[in-house]
Amino acid sequence: NVIPQVTSVIDFSPGGQSELWDPPDKTLCAEIAKSHRDGVSVTIFNPSTQMSLFLALMSQTEERHGRKPKYPPRFWQALAELAFADDRIRWLCVQHDGRLAAVHIFIIDRDSALNWQIYFDKEYSALKPNQAISWYEANQFRTEGVRYLNLGATPADASGVETYKQKWGGTDYRYRVLSHRSLLGRLIW
């Protein structure tokens, strides 16, 4: 099966790397400013103190979307260990009131970064943790010479996600994914 996909890619063109980058959408800039005023702090994920909080947030997010978790806890533990040793994996979070408000995992490959996973507690939406993490890391990437930030695949039925990503000023990139399931796989699925 051929499955059409779309992602939004931000191009941090060379020049002006010393200045802070802001997305072009004024409402989004106001939300980022609000997160700063509210004292939202973006930190590196600490698996020794935050893994159980992350697993709860991941499960809650997947359940909200009507999905089962894709990966078992030991996968996340191994990924956290790898992220500690390999700076091509960036695992960032916002914690509030002893819980994780949002977690983003980025994967870097040469001059490109992919926002691979996002987990978010809607109870903390007023803090704008997703906006804070994305803005923070976009500016980190720029200073490190990363030119492209891929905001990740947008599901066809997620118009709200698509609208949100457009506010970041990226360009839509369309591609196709091939999927194959055996007869046994179809019966199990």
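A: D86 counts as buried, because its relative accessibility is 15%, and buried stands for values under 20%. The model is a predicted one. D86 forms a salt bridge with R88, and the closest N and O atoms of this pair are 2.5 Å apart. R88 has a relative accessibility of 48%, so R88 counts as partly exposed.

A second salt bridge joins the side chains of E123 and R99, at 3.3 Å from N to O. E123 sits in the loop between β5 and α4, whereas R99 belongs to strand β4, so this pair ties together parts that are 24 residues apart in sequence. E123 is exposed, with a relative accessible area of 56%, and R99 is partly exposed at 31%.

The whole structure holds 10 salt bridges. One of them is formed by the side chains of D11 and R147, at 2.8 Å from N to O. Since D11 lies in strand β1 (residues 2–11) and R147 in the loop between α4 and β6, the pair ties together parts that are 136 residues apart in sequence. D11, at 35% relative accessibility, is partly exposed; R147, at 28%, is partly exposed.

Side chains of opposite charge can pair when their charged atoms come close. K128 is buried yet has no salt bridge, and E31, the nearest side chain of opposite charge, is 4.0 Å away. Leaving aside residues up to four places away in sequence, K128 touches E31 and S35.

Several of the strands named here belong to an open sheet. This sheet has 7 strands in the order β2-β3-β4-β5-β6-β1-β7, with mixed pairing. Its edge strands, β2 (43–44) and β7 (171–178), each pair on one side only. Strands β5 (residues 112–120) and β6 (residues 148–153) run parallel and are joined by 3 bridges; L114 stands opposite N150 in β6. Helix α3 (residues 73–85) packs on the sheet and touches β3 (89–96), β4 (99–109) and β5. The direction of α3 makes about 110 degrees with that of β3.

Aromatic rings also link α3 to the sheet. There are 18 aromatic pairs in the count. F75 and W116 form a tilted pair, 6.4 Å centre to centre with 55 degrees between the planes. F75 lies in helix α3 and W116 in strand β5, so their pair ties together parts 41 residues apart in sequence. F75 is partly exposed at 28% relative accessible area, and W116 is partly exposed at 25%. W116 also pairs with W76: the ring centres are 6.0 Å apart and the planes are at 45 degrees, so this pair is tilted. W76 in helix α3 and W116 in strand β5 are 40 residues apart. W76 counts as buried, at 0% relative accessibility. These residues are part of one aromatic cluster, formed by F45, F54, Y71, F75, W76, W91, W116 and Y119.

How values were computed:
Residues are numbered from 1 along each chain as its sequence is written. This is a predicted model: local features need pLDDT of at least 70, side-chain atom pairs count only at pLDDT 80 or more; totals for chains, interfaces and linings use all residues. Side-chain values use heavy atoms; hydrogens and water are left out. Two strands pair if DSSP finds at least two bridges between them. Helices (H or I, at least four residues) and strands (E, at least two) are DSSP runs, numbered from the N terminus. Contact means heavy atoms within 4.5 Å. Axes are lines fitted to C-alpha atoms, for helices over the stretch in contact, and angles run from 0 to 180 degrees between N-to-C directions. Rings of Phe, Tyr and Trp (its six-membered ring) pair if their centres lie within 6.5 Å; planes under 30 degrees apart count as stacked, over 60 as edge-to-face and the rest as tilted. Buried means under 20% relative accessible area, exposed over 50%, partly exposed in between (1.4 Å probe, protein chains only). Lys and Arg count as positive and Asp and Glu as negative; His and the chain ends are not counted.
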